[in-house]
Amino acid sequence: MKHQENFKIAMVQHSIDWMNPTSNFATLEEKLWQIDDKDIDLVIFPELFTTGFHQSAAELAEPIGLTTTKWLLQQSKRMNAAMIGSYPVRQDRKVFNRLLFVKPDGTFSHYDKRHLFRMASEHMSFSPGNFQVVEEWKGWRINPIICYDLRFPLWCRNTNNDYDILLCIANWPKPRIAAWHTLLAARAIENLSYTVGVNRTGVDPNEVVYNGNSAVYNPKGEITNEISEEDDIQIVTLNYQQVQSLREKFPTHLDADHFNLHL
């Protein structure tokens, strides 16, 4: 598919109402109605946008295709834009931190978080994913990952330029926000791609503080857009020529090391 030259994303940075999907749906729907731009290609919500991040989120897991899936599909169709967000999904007696990539035509794909954050005991309630996903939309190839995945460069490696955007949704706490920016920039540089990081805001009942800092880094590792610490929706336009021209002028991918991942 031919690349759409400009690709417009909406990064939704918000404070998640703890373990209350109904409240979060209502809040987000109101925010989405306030977007005036009618040419959005992709709307991005943070990790576990219906519950907040904690091993107890697994208690609210639902089968694929029910409430959260339907809500995302409804909003996607209304806005004529693809949507991304993760929530707890129960399948085959396991619970996954599952990211959905839904499209206005009613189709969707999913990615299950591979690296579970053991420092918060996520691995005690959730099961790890065992596959990677590159989804194509408007000619752009997007590799979605979730939060802690960002720390693992092999999992994110773009050896053959298989994707144009590495997209990370997160619940990334304020004390480690410097690492957030460093890792987003590093992944952009080594993979000759945009990296987009969408984080939450607010304070959860465990007194963990989240200060947003959702950001876009271009393929040179330069920050192009950043949301500060407030709830906000920022619309950013990515340009495919910026990716392609760097790959032609500075083709480090031709010297990349090839490897196999053993899952």
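Me: In this predicted model, which residue does Asp-164 meet in a salt bridge?
Reply: Look at the side chain of Asp-164, which sits at 0% relative accessibility and so counts as buried. Its salt-bridge contact runs N to O at 2.9 Å. The residue on the other end is Arg-141.

Me: And how many residues apart are Asp-164 and Arg-141 in the chain?
Reply: Asp-164 is in the loop between α4 (153-156) and β8 (165-169). Arg-141 belongs to strand β7. The pair links distant parts of the chain, and the separation is 23 residues.

Me: How many salt bridges turn up in a search of the whole structure?
Reply: As a general point, side chains of opposite charge can pair when their charged atoms come close. Over the whole structure, the search gives nine.

Me: Which strands does the salt bridge between Asp-112 and Arg-98 tie together?
Reply: The closest N and O atoms of Asp-112 and Arg-98 are 2.6 Å apart. Asp-112 comes from residues 108-112 and Arg-98 from residues 94-102, so the bridge joins parts 14 residues apart in sequence. Those strands are β5 and β4.

Me: Is Arg-98 buried or exposed?
Reply: The cut-off for buried is under 20% relative accessible area. Asp-112, its salt-bridge partner, is at 3% and is buried. Arg-98 has a relative accessibility of 2%, so the word for Arg-98 is buried.

Me: What is the distance between the closest N and O atoms of Lys-103 and Glu-135?
Reply: Lys-103 lies in the loop between β4 and β5, and Glu-135 in strand β6 (residues 135-137), so their bridge ties together parts 32 residues apart in sequence. Lys-103 is buried, with a relative accessible area of 14%, and Glu-135 is buried at 14% too. The N and O atoms come to 2.7 Å.

Me: How many disulfides are there?
Reply: A disulfide needs two cysteine sulfurs within 2.5 Å. For Cys-156, the closest cysteine sulfur is in Cys-168, 7.7 Å away, so that pair is too far for a bond. For Cys-168, the closest is in Cys-147 at 6.1 Å, so again too far. The count is zero.

Me: Fine, but are Cys-156 and Cys-168 buried or exposed?
Reply: Cys-156 has a relative accessibility of 0%, so it counts as buried. Cys-168 comes in at 1%. With under 20% as the cut-off, Cys-168 also goes down as buried.

Me: Which elements do the buried residues of α6 pack against?
Reply: Helix α6 spans residues 240-249. Its buried residues are Tyr-240, Val-243, Ser-245, Leu-246 and Arg-247. They pack against β7 (140-146), α5 (177-191), β9 (194-198) and β14 (232-239).

Me: Which residue caps the N-terminal end of α6?
Reply: Check the backbone nitrogen of Gln-241. A side-chain oxygen lies 3.1 Å from that nitrogen. The capping residue is Asn-239.

Me: What about the segment after α6: is Leu-263 buried or exposed?
Reply: Leu-263 lies in that segment. Together with Leu-154, Phe-259 and Leu-261, Leu-263 forms a nonpolar patch on the surface. The cut-off for exposed is over 50%, and Leu-263 has 57% relative accessibility, so Leu-263 counts as exposed.

Me: How much accessible area does that nonpolar patch have?
Reply: The patch is formed by Leu-154, Phe-259, Leu-261 and Leu-263. Together their accessible area is about 360 Å².

Technical notes
Residues numbered from 1 in each chain as written. Predicted model: local features only at pLDDT ≥ 70, side-chain atom pairs only at ≥ 80, totals over all residues. Heavy atoms only, no water. Buried < 20%, exposed > 50% of the residue type's maximum accessible area, 1.4 Å probe, protein only. Helix = DSSP H or I, 4+ residues; strand = E, 2+ residues; numbered from the N terminus. Contact = heavy atoms within 4.5 Å. Polar contact = N/O pair within 3.5 Å; in protein donor to acceptor, adjacent residues only side chain to side chain. Patch = residues over 30% accessible without salt bridge, like charges linked within 9 Å, V, L, I, M, F, W, Y side chains within 5 Å. Areas by Shrake-Rupley, 256 points an atom, 1.4 Å probe, with all protein chains shown as cover. Salt bridge = Lys/Arg side-chain N within 4 Å of Asp/Glu carboxyl O.
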